Amino acid sequence: MSETTNTNEEKKKLPLNGRRAVPSNNSNDEENEVPEMEAFGLIPRGFNPKDYLRVVDIQMFKEPHEINKQQHHTDKYYSPKLIVRRGQPFQIQIDFNRPYRPETDQFWLEYLIGRYPQQNKGTYIPILVGNVLKPGEWGAKITHKESNSIRLSIMSSATCIVGKFRLYVAVWTPFGILRTHRNSATDTYILFNPWCQQDAVYLDDEKEREEYVLNDVGIVFHGNINDIKLRSWSYGQFEENILDACLFLMDKAELELSGRGNPIKICRVASAVINSRDDNGVIAGSWDNMYTYGVAPSAWTGSVDILLEYYSSKQPVRYGQCWVFAGVFNTFLRCLGIPARLITNYSSAHDNNANLQLDFFLNDEGKVDTQLTKDSVWNYHCWNEAWMTRPDLPVGFGGWQVVDGTPQETSDGMYRCGPASVQAIKHGHVCFQFDAPFVYAEVNSDIVYSRREKNGTQVIEKIDTSHVGQLIVTKEVGGDGMMEITEEYKFQEGSEEERLALETAVMYGVKKQTIQDTTYQPQTDVDMEFQVQKAVLGSDFKVTITFRNRSRNHYTATTYLSGNIVFYTGVTKNEFKKHSFSAKLEPSSSSAFDIVIKSSEYLSDLLDQASFHFFVTARINETGKILATQKATVLEIPILRIKTQGETVAGREMSVTVEFTNPLKQALENVTLRLEGPGVLRTMKKEFKQIPMNSTLIWEVKCIPKRPGLRKLIASLNCDALRHVYGDLNVQIQKP
């Protein structure tokens with residue numbers, strides 16, 4: 001019988017290639033078979049394993065209220081298994097068939113991960129019982145003996161692989177080694193440990209650890225620089241099956257198990273696997289306002305649905321845009337124990353040829369030539385920062401690292417970005433891996449407006465050095481407010497240090513074209529400013545162009561306003577407003593001109609984020625010089641109101657209502673509502689065929705909250721005519 005099973009086993013094995021003795025070990029899910037009796041040779045007939053020390057039971061102390069999960073800050077994970085953090089001791093108890101006698105009995109523990117465990121790869125870890133635990137190294141010692149049981153304190157290495165390990169207890173007998181059965185109840189997840197000084201992700205501030213590792217909700221800042229909007233996002237890193245889904249992402253990316261203790265490697269492969277380009281990753285991006293056969297990016301309220309759908313279907317989930325990629329990436333990092341935060345960069349440059357300048361080409365009339373203009377300024381762009389040491393770089397470049405899962409440009413042949421040291425970007429040291437020049441350009445590019453003369457020469461009309469990367473923000477620690485971190489990325493605009501950082505970046509190979517002074521002589525005695533009135537979606541609003549003529553001359557300015565509906569990436573969909581007029585500019589005075597934008601002009605073409613982009617160009621007829629400016633603006637979108645009725649107690653039913661009033665001068669068709677709240681309720685969805693104009697929708701949901709404490713409910717409303725409608729509510733869930 002044993003013969004046949006062997007040959008079947010042989011067939012199942014993967015073909016070996018000539019380069020490796022053992023196939024690559026890159027799946028946490030696969031296992032090898034471990035012999036329960038490993039004989040040293042011939043076994044005498046009288047041998048009875050029952051005569052020797054035998055393991056009856058292993059207790060893992062894995063309940064949320066027990067010592068391990070409490071001490072390791074893993075009590076929030078919705079998982080029955082033991083979850084601990086590396087480099088910190090945890091307790092287990094072994095019950096034997098008789099009292100343990102250290103003089104004659106010998107046993108040890110074995111932790112295994114993957115299908116081809118090897119000691120030198122850190123995938124097979126035998127642990128002998130000793131007298132002392134060395135900090136940050138594998139070891140075990142007995143802390144307590146009582147009748148047939150012993151209590152062990154086990155220390156894991158502060159650099160060990162992060163993932164799910166299998167545990168065996170091995171007992172030595174003169175004739176062979178006896179092992180416990182494979183028992184999945186003793187599986188142990190080992191995570192990164194920001195509380196441990198020897199861990200590469202150690203973070204020394206408890207408030208920051210609570211925010212960047214343990215907070216399962218966050219805020220996404222969007223809109224644009226003149227009109228910052230915010231919405232809540234549920235990270236849900238502790239929800240059921242999310243930890244397994246995150247480990248699966250590393251399997252999907254085929255990251256060798258031995259590399260999974262290194263946060264740099266994990267971030268790099270994750271930034272590629274979060275998007276579906278080139279590796280069938282988690283989320284398919286779509287920026288074209290067509291979301292058939294998928295969920296519109298604006299409809300998601302959190303990461304849990306996306307990760308669980310991917311984990312079960314193994315197919316990219318449709319659809320995402322930058323904040324969705326960043327939200328899911330943040331869940332992945334926090335779930336594994338890497339401190340992480342979601343960042344928004346307002347007026348983010350997407351520089352296609354990485355020359356630190358965005359080229360906007362104007363035609364004769366001063367309109368932007370969309371054929372020639374390839375670069376774009378995103379109203380905002382979200383990425384992540386992950387906290388870790390960088391032993392691969394010189395001292396001083398550890399700390400926050402930029403990682404970006406949105407597919408913008410390829411890096412080493414794949415759509416991925418980072419980790420790039422924020423400190424290196426600030427000082428212009430962009431030679432250090434990975435992708436620092438691209439991020440440097442996102443926050444530092446200049447916008448150059450140039451116009452082609454009739455004879456073919458390019459004339460530079462204007463250089464705007466301060467438009468890009470004006471404001472970089474993240475959620476504050478311990479609250480929902482905004483924290484500005486622009487100065488982490490760049491020095492004060494126009495300061496000596498800023499020039500120096502730029503020269504350093506150029507020295508390290510960031511291309512920057514020099515502009516001869518001869519071609520660029522702007523009109524200096526006239527200023528043009530442009531204001532947009534705050535407006536609610538569905539109403540008319542006005543824009544104002546103001547000229548200040550500081551000279552003693554009479555000027556006339558031929559002025560052209562172009563209003564465009566744009567994607568938040570700054571790419572134009574269409575021009576909905578053209579308006580030309582001639583402005584008389586009296587000497588030493590200011591003059592203002594108002595233009596009204598009617599809702600009927602923009603409503604039919606509006607995109608997801610209700611964003612507009614205005615270009616204003618004016619030619620001073622007397623000098624032939626051009627003034628140019630641009631401004632993005634976002635309409636105010638109505639919000640959802642969330643309320644709770646009655647008591648809110650863990651384990652008892654509570655009632656939540658979501659209300660919304662349709663502000664448009666039209667009925668909304670095929671409306672989808674979503675509601676979720678980590679620890680309170682799983683995502684609920686409801687479809688409404690129609691909401692007539694000015695009418696109010698009310699949706700009531702019953703749920704049973706699982707955990708006491710301050711929780712957050714997050715809702716979104718979505719339909720073709722109206723997207724990015726959100727609401728949230730903080731709820732204090734009482735202890736029963």
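How many salt bridges are counted between domain 2 and domain 3? The count is one salt bridge, the term standing for a side-chain nitrogen of Lys or Arg within 4 Å of a carboxyl oxygen of Asp or Glu. The pair is formed by Asp227 and Lys534, with 3.4 Å between the closest N and O atoms.

The model is a predicted one, in which local features need pLDDT of at least 70 and side-chain atom pairs count only at pLDDT 80 or more, while totals for chains, interfaces and linings use all residues. Residues are numbered from 1 along each chain as its sequence is written, and side-chain values use heavy atoms, with hydrogens and water left out.

The whole chain comes first. The C-alpha atoms of the protein chain fill a box of roughly 115 × 60 × 50 Å along the principal axes. The chain holds twelve helices and 40 strands; these are DSSP runs numbered from the N terminus, with helices (H or I) of at least four residues and strands (E) of at least two. Of its 736 residues, 55% count as buried, where buried means under 20% relative accessible area, exposed over 50% and partly exposed in between (1.4 Å probe, protein chains only). Among contacts with a separation of 6 or more, 68% join residues 24 or more positions apart, a contact being heavy atoms within 4.5 Å. The chain is divided into domain 1 (37-191), domain 2 (212-508), domain 3 (526-634) and domain 4 (641-733), with bounds from an automatic or database domain assignment.

Back to the interface of the opening question. The C-alpha centres of domain 2 and domain 3 lie 30 Å apart, and their contact takes 31 residues from domain 2 and 26 residues from domain 3. About 2400 Å² is buried between the two domains, with carbon and sulfur atoms giving 50%; this area is the accessible area (1.4 Å probe) that two parts lose on being put together, summed over both. On the side of domain 2, Asn289, Lys367 and Asn379 lose the most area to domain 3, together 19% of what that side buries.

Four residue pairs are in polar contact across this interface, both residues at pLDDT 80 or more. A polar contact is a pair of N or O atoms within 3.5 Å; within protein, one must be able to donate a hydrogen and the other to accept it, and residues adjacent in sequence count only if both atoms are side-chain atoms. Elements giving two or more residues to the domain 2 side include helix H7 (322-336) and strand S18 (376-388), and S18 gives the most, with five residues.

Helix H3 (residues 206-214) contains Glu211. Glu211 counts as buried, at 4% relative accessibility. Leaving aside neighbours within four places in sequence, Glu211 is in contact with Arg334, Lys475, Glu476, Val477, Gly478 and Gly479.

Another helix, H9 (residues 436-444), holds Ala436. Ala436 is buried, with a relative accessible area of 1%. Beyond neighbours within four places in sequence, Ala436 is in contact with Ala420, Ile425 and Val430.
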